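This report describes helix packing, chain contacts, cores and backbone geometry. The sequence and structure come first.

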Amino acid sequence: MTSDAQKRIRVVIVDDEELARQILREYLSKHAEIEVAAECANGFEAVKTVAEKKPDLVFLDIQMPKLDGFEVLELIGNEAAVIFVTAYDSYAIRAFEVHAVDYLLKPISQERFEAALTRAKERVGGKPAPHALPVSELSAAARPPAQYADRIPVRDGTRVFIIPIAKLDYAEAQDDYVALASEGKKHLKQQTIASLEAALDPSRFLRIHRSYIVNLERVAKIEPYGKDSHVAVLSNGLQLPVSRAGYNRLKAYLDR
Amino acid sequence: MHPILAHLRRLALYLLAWIPIALLLAYLLGMAHTIRWQEAVAVAFPLCLVYAFVCLSAWYSCRVTPLERSSFSRLFLTHLTTALLATALWVIIAKVLVIELSQTSRAPDLELRFAPEIPILVGTGILLYLLSIAFHYVLLALEASKEAEARVMKAGILARDAELKALKAQVNPHFLFNSLNSISALTSTDAARAREMCILLGDFLRRTLGLGEKASIPLGEEMSLIHAFLAVEKIRFGSRIQMQESIAAEAMDVQVPPLLLQPLVENAVVHGIANLVEGGSIRLDAQCKNGDLAIEVENTYDPEAPARRKSGVGLANVRQRLAARYGNRASFAVKAEAQQFRVSITLPVEREATPA
């Protein structure tokens, strides 16, 4: 290869089908600068492996056990360039066109593969793409319209937790993160509270404050707090601040 | 065609309805006592018989001036003119009849004595004709609503037919693309297996192609389709797919709608096995019980798997097809337990008549 041949590129292949991994391995073997650091057969494994091996590039299948490709991408964030590999998914195609390094459709042709790899190398060698969006925004774009999240994957180091929506008590914005409170624990996730709000079903979750989204089923009562502000008291006794706009929204909901 | 003239039964009923009208007319004519009751009856009955047919002509004028699309003045003018014309015709006929009767010995001077009855005849004539117009408008409205109903029903049947055809011809594109990718991978490492997979895939596609036109196939044929499908999927998923079958021998020749079970097995693979790292098993059971064919498709699944897009469409289609074809003679139930997902179907046993 050319002058970047010095720089080795470490790759992780994620697909639950052995034959699908095999063809990627075969195409990659023609490039001396590429090192296949690991292969994974499911989403949990993929998140763990990416955290441990810190590859430059990940080939990611969409439909997999445990976590699907979008959820994996949401969790590995901008740690590696990602090329999606899928058989057929119109939503996914739309999302990739806007955000991902590239996407490959099965059956994968060698030519198309080389083009994607070239793009990925540019990304790996250089800086993140100028229009790179936060990953959570990306996964929101990939979600089919009018379909809200039914679970939220979060990561702690190499471990992955799945929070089912029904078990999410509330979410609190903390700088670039949101803290998700569920079953007495808090999980941090790199995401804006606005994009989390957009992903949640508005009939079940309400933004009660600039920094808080609450699960409406958990709200036991609303109490006045100080002169003209309120707090929401959750069924576990916890109190969350309610802004004036949040109070109006909450009242509108309760009056229904 | 005229809705009454064209049907003998309706015409007979219509004429029967005129008998009380004729009696009423006879009563009106005889009331003044210028003519005798017998004479009134002798005049009223033939007159009503003739007028019954004259009034049927209202159908044509009603048709050219539909109630909802004609102005009031147009309706008024049309129907008043026709009513007056019909009445004039009726009076002339009455006159002729009366003159004829006067010639006989039984009704001497009837022509003279009948003169004061003319206004009664004119009034009844106009009134009866207007009634007939109202009656014909009702007939037209009934006809229009019946036609609309038939149109809606026909459209519904056509739509359902089209849907079923599309459904039967459908091969899941995911399956096809993934299989092609597997073949592509095998070509460089194991050419013989690549060829085998091409043949299996071709076999499966060929079997599905012909099924679009058939209304039903023996269960055995559906099973070989499922075997062809699983043979391809087994190359993709390897040991992750385990299949257990128990089909009663007497169930094999029961007629079932084509591609009814294959989508269920495909669902079991896509939503069940594909989400399990270690794979899982599919169990297919078919037995004849009390004149019904009872089928169960059960698979292991991960209840916490990421939600697949468009899941459930396959199940909904199978349910709809069963309902469209068998109504309440078929049943469809889905049960999701901790690790097991089960679809149970019953449908009436139908066998093709075998030549003796």
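At what angle do α7(B) and α9(B) pack, and how far apart are their axes? In this predicted model, the angle is about 55° and the axes are 10 Å apart. The crossing of α7(B) past α9(B) is left-handed. The residues that meet are B:N178, B:S179 and B:S182 from α7(B), and B:V232, B:I235 and B:R236 from α9(B). By class, this contact has two nonpolar, three polar and one charged residues.

Helix α9(B), residues 219-237, also packs with helix α8(B), residues 191-211. Here the axes come within 9 Å and cross at roughly 150°. With angles over 145 degrees counted as roughly antiparallel, α8(B) and α9(B) are therefore roughly antiparallel to each other. This crossing, of α8(B) past α9(B), is left-handed. On the α8(B) side the contact includes B:M197, B:L200, B:L201 and B:F204, along with B:R193, B:D203, B:R207 and B:T208. They meet B:L225, B:A228, B:F229, B:A231, B:V232 and B:I235 of α9(B). Ten nonpolar, one polar and three charged residues make up the contact of α8(B) with α9(B).

| Helix pair | Axis distance | Angle | Orientation |
|---|---|---|---|
| α8(B) and α9(B) | within 9 Å | roughly 150° | roughly antiparallel |

Between the chains, 26 residues of chain B are in contact with 25 residues of chain A. On the chain B side, the elements that give two or more residues are α7 (173-189) and α9. The most come from α7(B), with twelve residues. By class, the side of chain B that touches chain A has twelve nonpolar, nine polar and five charged residues.

The largest nonpolar core has 89 residues, of which A:V82, A:I83 and B:V265 touch the most other members. Helix α9(B) supplies the largest share of this core, ten residues. Another core, of 28 residues, lies apart from it and has B:Y51, B:C55, B:A94 and B:I133 among its members. B:V265 belongs to helix α10(B), where it is one of the buried residues. That helix, residues 262-272, is mostly covered, with eleven of its eleven residues buried. The buried residues of α10(B) include B:Q262, B:E266, B:N267 and B:H271.

Chain A has eight helices and 15 strands. Of its 256 residues, 45% count as buried. Among contacts in chain A between residues at least 6 apart in sequence, 55% join residues at least 24 apart.

Some loops of chain A hold particular backbone features. A cis peptide bond with omega of about -5° joins A:K106 and A:P107; A:P107 sits in the loop between β5 (102-105) and α5 (110-125). Phi is positive, near 45°, at A:K54, in the loop between α2 (43-53) and β3 (57-61). A:K54 is exposed, with 12 other C-beta atoms within 10 Å. Phi is also positive at A:D175, near 50°, in the loop between β8 (168-174) and β9 (177-182). A:D175 is exposed, with 6 other C-beta atoms within 10 Å.

Methods: Residues numbered from 1 in each chain as written. Chains lettered and ligands numbered in written order. Predicted model: local features only at pLDDT ≥ 70, side-chain atom pairs only at ≥ 80, totals over all residues. Axes fitted to C-alpha atoms, helices over the stretch in contact; angles between N-to-C directions. Helix = DSSP H or I, 4+ residues; strand = E, 2+ residues; numbered from the N terminus. Parallel < 35°, antiparallel > 145°, perpendicular 65-115°, else oblique. Left-handed = near helix turned anticlockwise from the far one by under 90°. Contact = placed C-beta atoms within 7 Å. Nonpolar A, V, L, I, M, F, W, Y, C, P; charged D, E, K, R; others polar. Core = buried A, V, L, I, M, F, W, Y, C linked by C-beta atoms within 7 Å. Buried ≥ 20, exposed ≤ 12 C-beta atoms within 10 Å, placed from the backbone.
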